Amino acid sequence: MKEKKAAQVFAIIYPVFLYFVMTAVALSLLDYILPESVDTKLSRQLATSLVALPMLAVFYRKEKKEGGAKQTRIFFVLAVMFATGGCFALAFNDLLGLFRLVEYSPSYVQVEETFYTGRLMLEILALCIVIPIVEELLYRGIVLQRCVAAFGERAAVFVSAAVFGLLHMNLAQFVYAAVFGVLLAYVTNVTGSIAGAIAAHMAANLTSTLRAELGLFAFADAGPAILALAMAGLFGVAGMGIFMIWKMAKEETFL
C-alpha cells in the first residue's frame, strides 16, 4: 500500500518536474538568440510555454483516454466560466489588495515587471491565451487527475490547488492562485474537461492585464463605497456562475 501511494505521489510530481526542466533548458538555449532583459522576459516565457505545450498535450490526452470523458454543454460552460473567472479575479484581487499582501511579497514586483511591459498585444497572446492553456493542461489536466487517483476527488481539488499556488513562489500569488485553483479544479471535476478552467483562467488574466495596462476596473480608486459595491457584485456574479455549473452537473447524465 505504501509503495502504491509513493508511486501515485511520484506520478503527480514528475510531470511538474519535467515541465520545469524543459523550461529551464529552453531558457538556456534562448540565451543565445534572445538574451534576458526586462523587455524580453515575457517573450522568453511565451517561447518556453510554446515549447512545453506539445509535451503537456500528450500527457493530457493520455489522462483523458485512461479516465474517460463526461459529456456536457461545452459552449455553455465556456461562456459561464469566462464570466465567472473574470469577475472572481477582479473581486478577489481587490480583496487581497486590502490586506496588502504585495508588501510581504518582494518577488511580486519582479513578476509585474516581467508581465506588464506596455506591449498589450504580446501580453494578451502570452498571458491571456498561451500561458492559461499550458498551465491548465499541467495543473488541472494532469496534476488534478493524478491527485484524484491518489487522494480522491474532493481532496484532489485542494491538493492540486495548493501545488498551483506554491509554484507561483510568492505569498500574494500563492494565496490568489491557491484559492482560484480550488475553483478551477472543482469546475474541471464536475464537467470532466479543462475547457471551463481554461476559459476562466484566460478571463482572469485578461482582466488583470487590462487593469494594469489601460487602468480599467480600477474600483479601488473610486473610494471604499464603490469598491465594496463592486466587490459584492462581482463575487455575486462569480457565485452565480459556479451555481449554474453545479446545477448543470447535477441535472446532466454523464457517461
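Which exposed residues does the face of α4 turned away from its buried side carry? P106 and Q110. The legends below cover a predicted model, in which local features need pLDDT of at least 70, side-chain atom pairs count only at pLDDT 80 or more, and totals for chains, interfaces and linings use all residues. Residues are numbered from 1 along each chain as its sequence is written, and side-chain values use heavy atoms, without hydrogens and water.

**View 1. The two sides of helix α4.** Helix α4 spans residues 106-115. Helices here are DSSP runs (H or I, at least four residues), numbered from the N terminus. Y108, V111, T114 and F115 are buried. These four sit on the same side of α4, because they cover an arc of only 115 degrees around the axis. The arc is taken over the directions from the helix axis to the C-beta atoms. P106 and Q110 are exposed on the face turned away. Buried means under 20% relative accessible area, exposed over 50%, and partly exposed in between (1.4 Å probe, protein chains only).

**View 2. Helix α6 against helix α7.** The axes of α6 (residues 153-166) and α7 (residues 171-191) come within 7 Å. They cross at roughly 145 degrees. Axes are lines fitted to C-alpha atoms, for helices over the stretch in contact; angles run from 0 to 180 degrees between N-to-C directions. Residues of α6 in the contact include V157, F158 and F164. Among their counterparts in α7 are F174, V182 and Y186. Contact means heavy atoms within 4.5 Å. By class, the α6–α7 contact has twelve nonpolar, four polar and one charged residues. Ala, Val, Leu, Ile, Met, Phe, Trp, Tyr, Cys and Pro count as nonpolar, Asp, Glu, Lys and Arg as charged, and the others, Gly among them, as polar.

**View 3. A162 in helix α6.** A162 belongs to α6. Its relative accessibility is 29%, so A162 counts as partly exposed. The C-alpha atoms of A162 and V175 are separated by 9.0 Å.

**View 4. N170 in the loop between α6 and α7.** N170 lies in this loop. It counts as buried because its relative accessibility is 8%. Leaving out residues up to four places away in sequence, N170 touches S105, S107, Y108 and V111.

View 5. R100 is in the loop between α3 (74-98) and α4. Its phi is near 55 degrees. R100 counts as exposed, at 53% relative accessibility. F217 is in the loop between α8 (195-214) and α9 (224-251). Its phi is near 60 degrees. F217 counts as partly exposed, at 31% relative accessibility.
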